[in-house]
Amino acid sequence: MRILVMAAAFVVSSFVVAQDLPAQETITQQAPDGTALVADFYAAPNDEKEAPAIIALHMLNSQRAAYAPIIPDLRAAGYALLNVDMRGHGDSGGARDWDAAIADIADWIAWLETEGHLNQSGLAIMGASIGANVAIISCAESALCAGAIALSPGLDYRGVKPESALVDGLADGTALLVAAAADSSSATAIRQMFLNAKGAVTARMYNGRAHGTRLFDSDYDSLSGLITLWLNEQFQSDES
């Protein structure tokens, strides 16, 4: 099933009002090549280990703090969140190596599983810009991942090409693709990926040109609400 929603949305604010973040645990683990990788883990309400978990991946030249606007909403909706600094960004070390970054996500999934956060609860991976491409590929490569959320993905960001992972790797999976219409490369990418997808893909197009996590900088149509609603649909359907 494929769902395409065209959103005629108007920017009514140029910033997101800061919210108090819930308590988190900062996790550092070492990649096989010795690189120190850092993420913040936000437990689900009441430390419920049966809650589904979300992994969040930022844009190029960004860091995990970019997801601050949506963290309270995800936790209020009952999700645990692992908010990752990809290698070469934020507090994580190493050079910017995207093949290695994709391998790192498999290690973060293993951490969630080892810590008991992926029993039968479910996992989704969310990313923005090149992080969206990494999210799609990483989800397609993991049997534990129920679906990917891609904010402003591209057909080819620095050699990271997600289309085959979406079309074939997630043929039995799900994805939410989001872009702004005037963000031409991402708008083109989600149109093409949507048309070629075999799985249950939803695409949403907003007015404007905001890219990646900068989509949170406007109040049009509540991107946070779109994401949490999509997540609820995936995990509730898994339980039924």
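Visitor: What caps the N-terminal end of α2?
Guide: In this predicted model, the cap is Asp 97: one of its side-chain oxygens lies 3.2 Å from the backbone nitrogen of Asp 99. A polar contact needs N or O atoms within 3.5 Å.

Visitor: How do you know that the span of α2 agrees with its 17 residues?
Guide: At 1.5 Å a residue, α2 should span 24 Å, and its end C-alpha atoms are 24 Å apart, so the two agree.

Visitor: Which residues of α2 are buried, and what do they pack against?
Guide: Among the buried ones are Trp 98, Ile 105, Trp 108 and Trp 111. The buried residues of α2 pack against β2, β3, β4, β5, β6 and α3.

Visitor: How many aromatic pairs are there?
Guide: The count comes to four.

Visitor: Why is the pair of Phe 41 and Trp 111 called edge-to-face?
Guide: Their ring centres are 5.5 Å apart, within the 6.5 Å limit, so the rings pair. Their planes stand at 70 degrees, over the 60 needed, so the pair is edge-to-face. This pair links strand β3, which holds Phe 41, to helix α2, which holds Trp 111, 70 residues apart. Both residues are buried.

Visitor: What makes Tyr 67 and Phe 216 an edge-to-face pair?
Guide: Here the centres are 6.2 Å apart and the planes are at 70 degrees, so this pair is edge-to-face. Tyr 67 and Phe 216 sit in loops, 149 residues apart.

Visitor: Why does Tyr 67 count as buried?
Guide: Buried means under 20% relative accessible area, and Tyr 67 has 0%, so it counts as buried. Phe 216, with 6%, is buried too.

Technical notes. Residues are numbered from 1 along each chain as its sequence is written. This is a predicted model: local features need pLDDT of at least 70, side-chain atom pairs count only at pLDDT 80 or more; totals for chains, interfaces and linings use all residues. Side-chain values use heavy atoms; hydrogens and water are left out. Rings of Phe, Tyr and Trp (its six-membered ring) pair if their centres lie within 6.5 Å; planes under 30 degrees apart count as stacked, over 60 as edge-to-face and the rest as tilted. Helices (H or I, at least four residues) and strands (E, at least two) are DSSP runs, numbered from the N terminus. Buried means under 20% relative accessible area, exposed over 50%, partly exposed in between (1.4 Å probe, protein chains only). The expected span of a helix is 1.5 Å times one less than its number of residues. Contact means heavy atoms within 4.5 Å. A polar contact is a pair of N or O atoms within 3.5 Å; within protein, one must be able to donate a hydrogen and the other to accept it, and residues adjacent in sequence count only if both atoms are side-chain atoms.
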